[in-house]
Amino acid sequence: MNIQSIVENITINIDGQDVEVPKGINIIEAVKMVGKGKEVPHYCYHPKLSVAGNCRMCMVEMGMPMRDRGTGEPILDENGVQKIGWMPKPTIGCATNASPGMHIRTNSEMVKESRNGVTEFLLINHPLDCPICDQAGECRLQEFSAEHGRGYSRFIEKKNVKPKRTTLGPRVTLDDERCILCSRCIRFSKEVAGDDVLGFVDRGTYSTLTCFPGKELSHNYSLNTVDICPVGALTSTDFRFKMRVWFLKRTHSICTESSVGANTEIWSREGKIYRITPRRNDAVNDTWMTDSGRVLYKAIESDDRLTQYTIEGVHKTVDEVAAAAVELLQAREVALVASAHSSVEEQFFYQSIAQRSGATVSLVSHYAEGDGLLLSEDRTPNLRGALVTGLIHQLPEREAKLEALARDINSGAVKTIFVVNEDLTKLGIHKEMLAKVKVIYVGTHANETSEVANVVIPSLMVYEKDGTFINQSFRVQRFKTAVPGPRGVLSDFHVLERIAAPLAQEKVAPLSIDDVWERMVSRIAQFDAAIRWSALPEEGVALDASAFLDLNFVESKNLKFDPVAFKETSAAPAETSATIATEA
Amino acid sequence: MEFLDASLPYIMPIVYAVLMISVFMGLCSYSVLAERKVSSWIQGRVGPNRTRVPLVGHIPILGNVMTGLGLFQPVADGLKFLFKEEIVPGHVNKGYYYLAPIIALAPALTTMVVLPFGRYVDADGITQPLVLANVDLGMLIILGISSLGVYGIVLAGWSSNSKYPFLGGVRASAQMISYELAMGLALLPVFMWAASPGYYDSEGLFVEGSRYGMSLFGVVQSQQAAWTILWQPLSALLFLVALFAETNRLPFDMAESETDLVGGFHTEYGCFKFGLFFVAEYAHIIMGSGIFVLLFLGGWNFLPWVADPWGDGIFGSVLSVAWFMAKVFFMIFFFIWMRWTLPRFRYDQVMSLGWKILLPLAVGNLVLNTIIIALYDTLTR
Amino acid sequence: MAKTKVLERKPLSFAEKTFLPQIVTGLKTTFTSMLQKGVTLQYPEERPTIPDNYRGVPTLVKDPNGREKCVSCQLCEFVCPPKAIRITPGAIDTDAEPERAHVEKAPQEFDINMLRCIYCGLCQEVCPEEAIFLQDIFSLSGYSREEMINNKQKLYELGGTLPDKHFKWDKKKSAEAAGNAH
């Protein structure tokens, strides 16, 4: 349900307080809008899934203003105020839509009693093995038992036994005893992932979640079921028993898997990332992300990580390396192989470097098949950033080949190649050809190009630095440092400033990322002057894309992006500029 | 042989002096032990009881008793001071820094020269004191030299170039000045009584008074019947309080005062240099106890109004020394005992006690005694 | 509210003003205490009796069957005020220990840094499995910092076995074996 699309507001009364809410919104969302931490406890309801109404936790009392059945006249009490006809029994908040004049009690005795009863029933067969359960700390059942439970058990019979430690799929482990049968995972698989593999078998208290015979929960969105599971029934096999969630620091970041730019949260402790989960952004990824995007962080600890600034294989300081790079670039006849994996800020610097050294810029495409959901065809997070910063003006070739550059090397027109995070040997330029030129390599991991490079500048991964990406719908999204990078490695734009500034005979400035943004705002038309990096909203800012509508982007329709509709809305410039102004 | 006979008068004093210093230093180290033991007994502890030297410490029963009493502890303490790493902070004034502990200890050892510790009867039947130098002005020398000891403390405080020692040194000198006066004034009546200058009797004949002057021996001899403390209790009290202050002992240890000055003047001192300060403190205590015994507790005289039960021979001399030492030991014990009874004064209390109470009292005491002596002289003339 | 009653301070008598009688009383007190028997224990030879609720060195204990009780829930690590506890959780190897497979979780590593530990006993209080106990070891020493970090093996050596009353996991296992009436 997209709240923004509903314009008509109505007034309802929640716990004696009049609240204006969009018409048709359900009571759980309406109560959430009251703010002040007010919420209706719920398990099965999920804002991005259909309403099932089977957990019965979100009971509220509901009443409507009384009217005479015959005449339709309002019935007034002695004070002349319309009487409220309270319903004799509580109703579930998730399936009750707000209607004008509706009265809601979320904390009456009856409501408390019913929550108490529901909690007691849910706990009857719950194993209460919180000490070994990975969900502990972020478990709705744990929280609500503490808040709404009775604190002891009256159940003296034997608890049900259900399958434990079941492998549902390659990434998900199921403990059926903990399951409270909310069916979120079933609805997710069916409605969002489109791979209907989960269901309940048996009846009553023996109901058990399971995969359909011969199926397994193996689609690329299976870990979202773990995220939405309100209890510890579905757990991530990868994160299982790794670390307690309460030790983990959460950092907002952006998924680099594709141009969708799913918003993520990085869970780290003491410089080590333990897991990545999606962060809700209704304009980008709702509350989902791909399984494959969750394991990208493992490259941080890979053995081929570049950790030293080197010249000809000898360890040097960052200043020596920058000076060597400047010397090579000043000699001109440079080719820059840029990357759509770099952040907007870095691309802005590469653009300056290319301009100041007169380099020809080429960018390598990373296209693959999309899945129509949150994995787009462009497998880079920041192709739009290269366009916006002016690093490139045309989309890269569909085929990942650098034929023009190879020709230039052979003809001797290029003496120095500045490579950003690409392996040229896989792009049609052999090692023998690389030997003819000087190579400056900036990248996170070693590859065959970095092995032959004359100057190697290690760079930080997205989890280790601050920056922004521009996704498929020209939305600037910010990511923050979650963990420190390898010791001694500076953030990329600091190194690039040491190269770019001397090229223009400028002094190297100590930059904060906001300073970089100041520069970018003054040079890039699409950036609103009022924006600073640190003040970017969490949900990102949509940029004016009208300048790039002629380009033939590869993305097809996916979960939140429709290229045809996007072109149409972006073509109306008045509307988009209004959007920027309001969102900024 | 002749040469030996001729040089004997020169050699013997040196031998005596060395002997005396050895005994004295031994006393000092055992005072430290006494301090540790008595302190722990008062506090319900055991104190040092584990040091054991080979052979002696392994004598059945006796060895265990000695070990339990900590009799070998001073050996260990001394060795520890000797063999500790010699650390000198970089910021000190080296020359004075090394000089300070020497200056602290030397006066205490020097005063020993005039301190009589027994008596013997010489060939002529005249009672003579056992002392290195029987000087008429013994007390004056003691007062003069022992107050030099404070220079050691002041020097230590100043040369350490550090604020706590400096404060300690300043406190020590101010305290010394304050109490030196009261101390001297408290003593005068004792000597005035002991050493009346003689007078003319009613027939105009000169009756010679005491021959002793400021001699400590004379004071002791005058106490053969009544100890001074019995008829000059105020003088005794004033002197005792001043003595505590002069020796920097609790409740007057403002110069050390570890609660507010870390270690006071010796904060920057370690190993043997600190050991010297430590010994000097106890040397002062022993000297002070000795003087108090001589002046007020009858010296080596047995008991008030009781003649010495021992004779005049060698045996008598030895016993007189032993009796004197027993009294000194009691006083040392009293010093320690007092330490655990009274808390430390605040510094302004120390000053007001010295200047506003002790000094007026001492002056009054002196005037009163002068008047009494004058009246007495007039009446008995 | 109780009414404040102002008491007049009694004027000091002359004897009291001199403080001398008080000092004598004090001397008497210290002297009598000197004659009393000391309370010191001759430590290495004589050992104090340790009360049952003493909070000594924290240790890990095993259940009467000699099995590991800790399930590495990390609550002690969380509650530890000086952050002395460090646990690396892990899954139980079901092939190596099939009889404990149903417990699922056990610590891979369990370090308590005794240089940090303040013996507060919160870890014992918070432990849901009754696996960590502050027992009667009060004297702990080592030559290096590394030596003062008790690892899992050392903790179990120190802890030994404590009688267990609830047999939580045994019950769980028998229930699993019995299955449902269904």
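This is a predicted model: local features need pLDDT of at least 70, side-chain atom pairs count only at pLDDT 80 or more; totals for chains, interfaces and linings use all residues.
User: Start with the chains. Which pair shares the most contacts?
Analyst: Chains A and C do. Two pairs of chains are in contact, and that pair comes out ahead.

User: And where does chain B sit relative to chain A?
Analyst: Chains A and B do not touch. Their nearest C-alpha atoms are 37 Å apart.

User: Back to A and C. How many residues does each chain put into the contact?
Analyst: Chain C gives 17 residues and chain A gives 13 residues.

User: Which elements of chain C are involved on that side?
Analyst: β2 (85-91) and α6 (168-178) of chain C each supply at least two residues. β2(C) gives the most to the side touching chain A, with three residues.

User: What's the radius of gyration of chain C, and what would a compact globule have?
Analyst: Chain C has 28 Å. A compact globule of 182 residues would have a value near 16 Å.

User: What does the C-alpha trace of chain C span?
Analyst: About 95 × 55 × 30 Å along its principal axes.

User: How much of chain C is buried?
Analyst: Buried residues make up 23% of the 182 residues in chain C.

User: And sequence separation of the contacts in chain C? What share joins residues at least 24 apart?
Analyst: 72% of them. That share is taken among contacts in chain C between residues at least 6 apart in sequence.

User: Switching to chain B. What domains does the assignment give?
Analyst: Domain 1 of chain B covers 1-83, and domain 2 covers 91-380. The centres of the two domains, over C-alpha atoms, are separated by 24 Å.

User: How many residues meet between those two domains of chain B?
Analyst: 17 residues of domain 1 are in contact with 17 residues of domain 2 in chain B.

User: Which helices of chain B build the domain 1 side?
Analyst: α1 (2-42) and α3 (73-83) of chain B each supply at least two residues to the side of domain 1 that touches domain 2. The largest share is from α1(B), with 15 residues.

User: How do the residues on that domain 1 side divide by type?
Analyst: There are 14 nonpolar, two polar and one charged on the side of domain 1 of chain B that touches domain 2.

User: Now chain A. What's the strand order in the β7, β8, β11 sheet?
Analyst: β7-β8-β11 of chain A, in an open sheet. The pairing is antiparallel.

User: Which strands are at the edges?
Analyst: β7 (166-167) and β11 (234-236) of chain A. Each pairs on one side only.

User: How many bridges join β7(A) to β8?
Analyst: Two bridges join β7(A) to β8 (residues 172-174) of chain A. In β8(A), A:L174 is the bridge partner of A:T166.

User: What does the UniProt record say about residues 248-304 of chain A?
Analyst: The unreviewed UniProt entry annotates 248-304 of chain A as "domain: 4Fe-4S Mo/W bis-MGD-type".

User: How much helix and strand is in that span?
Analyst: Residues 248-304 of chain A are 0% helix and 35% strand. The end C-alpha atoms of the span lie 26 Å apart.

Key: Residues are numbered from 1 along each chain as its sequence is written. Chains are lettered from A and ligands numbered from 1 in the order in which they are written. Domain bounds come from an automatic or database domain assignment. Two residues are in contact if their C-beta atoms, placed from the backbone, lie within 7 Å. Helices (H or I, at least four residues) and strands (E, at least two) are DSSP runs, numbered from the N terminus. Ala, Val, Leu, Ile, Met, Phe, Trp, Tyr, Cys and Pro count as nonpolar, Asp, Glu, Lys and Arg as charged, and the others, Gly among them, as polar. The radius of gyration is taken over C-alpha atoms; the globule rule is 2.2 Å times the number of residues to the power 0.38. A residue is buried if 20 or more other C-beta atoms lie within 10 Å of its own, exposed if 12 or fewer, and partly exposed in between; C-beta atoms are placed from the backbone. Two strands pair if DSSP finds at least two bridges between them. UniProt positions are given in the numbering used here, feature names are shortened, and annotations may be inferred rather than shown by experiment.
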